[in-house]
Amino acid sequence: LLPGAPNPLDTATLPAFINLRSRINLREGFTAPRQFQHLANAVLGVAMGPSVPAEPELAESPYRGLEPFDATHAEFFFGRGAEIRKLLDKLRDAPFVAVIGPSGSGKSSLVLAGLIPALRNDQLPGSAAWPIVTMVPGPHPVESLAVALDTLNPQRSRNLLLEELQGSPEGLRLEATALLRERPRGARLVLVVDQFEEIFTLCRDEAERDAFLNLLLAAVEPDGPCLVVITMRADFYPRITEYPA
């Protein structure tokens, strides 16, 4: 609508094909930058942006680079919905799931920023009320397990907990049962062991490695109180096959 065009415009005076087109109001001349930009964008077929520049809504960058996503970055974690559903489906049927893949393939992010938030959002029946602990084995995996469990019951003596874990393969199973005593029926303790390969790369004590594995195995027996999820680099798959159980 060029300068001098009547206002209001009698559309009946226009050729029919023009009435099928969008109009740009230039009655006030070509000096209004926004309207002139509308015309230029229309010629170029480019959508107009906002009239006011958008202010950034995020206080932090959503890009983690080489660092894994964890539960605190769940809002930035996208594109792995199918894999998250697959993990949930597996946990419905089995108390133990291993996520194995090449270094840098996103195993930790999938579990920490995908699976854990899904459980906290009740994606398995009642899972919003389940206690969840995460750990990495380090050089002393049984001690690391005690530290992780200690976060759920800080009033408990960590040294006493460590003694119980070291004293019996049933230690984790018994501790989980005690932690779930006041929880709804069917609740589970979810234990995530990230970077599981550290039981080989950092733990040099074969007896402690065996003790840690036996704790996990006893805790995931049928109808046990635990769900255990591990992430492990694929190149350590041959090492874990040395432990048939």
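Is Asp223 buried or exposed? At 76% relative accessibility, Asp223 counts as exposed, where exposed means over 50% relative accessible area, buried means under 20% and partly exposed lies in between (1.4 Å probe, protein chains only). The structure discussed here is a predicted model, in which local features need pLDDT of at least 70 and side-chain atom pairs count only at pLDDT 80 or more, while totals for chains, interfaces and linings use all residues. Residues are numbered from 1 along each chain as its sequence is written, and side-chain values use heavy atoms, with hydrogens and water left out.

Asp223 sits in the loop between helix 8 and strand 4 (226–233). Here helices (H or I, at least four residues) and strands (E, at least two) are DSSP runs, numbered from the N terminus. Asp223 is not a glycine, yet its phi is positive, at about 65°. Most residues other than glycine have a negative phi. Asp122 belongs to the loop between helix 3 and strand 2 (132–135), and its relative accessibility of 38% makes it partly exposed.

How do packed helices meet? Two packed helices are described by the angle between their axes and the distance between the axes. For helix 5 and helix 6, the axes come within 7 Å and cross at roughly 135°. Axes are lines fitted to C-alpha atoms, for helices over the stretch in contact, and angles run from 0 to 180 degrees between N-to-C directions. Helix 5 and helix 6 are therefore oblique to each other. On this scale, angles under 35 degrees count as roughly parallel, over 145 as roughly antiparallel, 65 to 115 as roughly perpendicular and the rest as oblique. Leu161, Glu164 and Leu165 of helix 5 meet Gly171, Leu172 and Glu175 of helix 6. By class, this contact has three nonpolar, one polar and two charged residues. In this sorting, Ala, Val, Leu, Ile, Met, Phe, Trp, Tyr, Cys and Pro count as nonpolar, Asp, Glu, Lys and Arg as charged, and the others, Gly among them, as polar.

Helix 6 (residues 171–179) also packs with helix 8 (residues 206–219), their axes coming within 7 Å and crossing at roughly 50°. That angle makes helix 6 oblique to helix 8. In this pair, Gly171, Leu172 and Arg173 of helix 6 meet Leu215, Leu216, Ala218 and Ala219 of helix 8. The residues of this contact comprise five nonpolar, one polar and one charged.

Leu172 leads on to the core. In soluble globular proteins, nonpolar side chains tend to be buried together. The largest nonpolar core has 56 residues, of which Leu145, Leu165, Leu172, Leu191, Phe196 and Phe212 touch the most other members. The largest share of this core, eight residues, comes from helix 3. A nonpolar core is a set of buried Ala, Val, Leu, Ile, Met, Phe, Trp, Tyr and Cys residues joined through side-chain atoms within 4.5 Å. Leaving aside neighbours within four places in sequence, the contacts of Leu172 include Leu145, Leu165, Leu191 and Cys226.

Helix 3 (residues 107–120) holds Gly114, which is buried with a relative accessible area of 4%. Beyond neighbours within four places in sequence, Gly114 is in contact with Phe77, Ile84 and Ser109. Gly114 and Glu83 are 31 residues apart in sequence and 8.7 Å apart in space, C-alpha to C-alpha. Ser108 lies in helix 3 too, and it is buried with a relative accessible area of 15%.

Terms used: Contact means heavy atoms within 4.5 Å.
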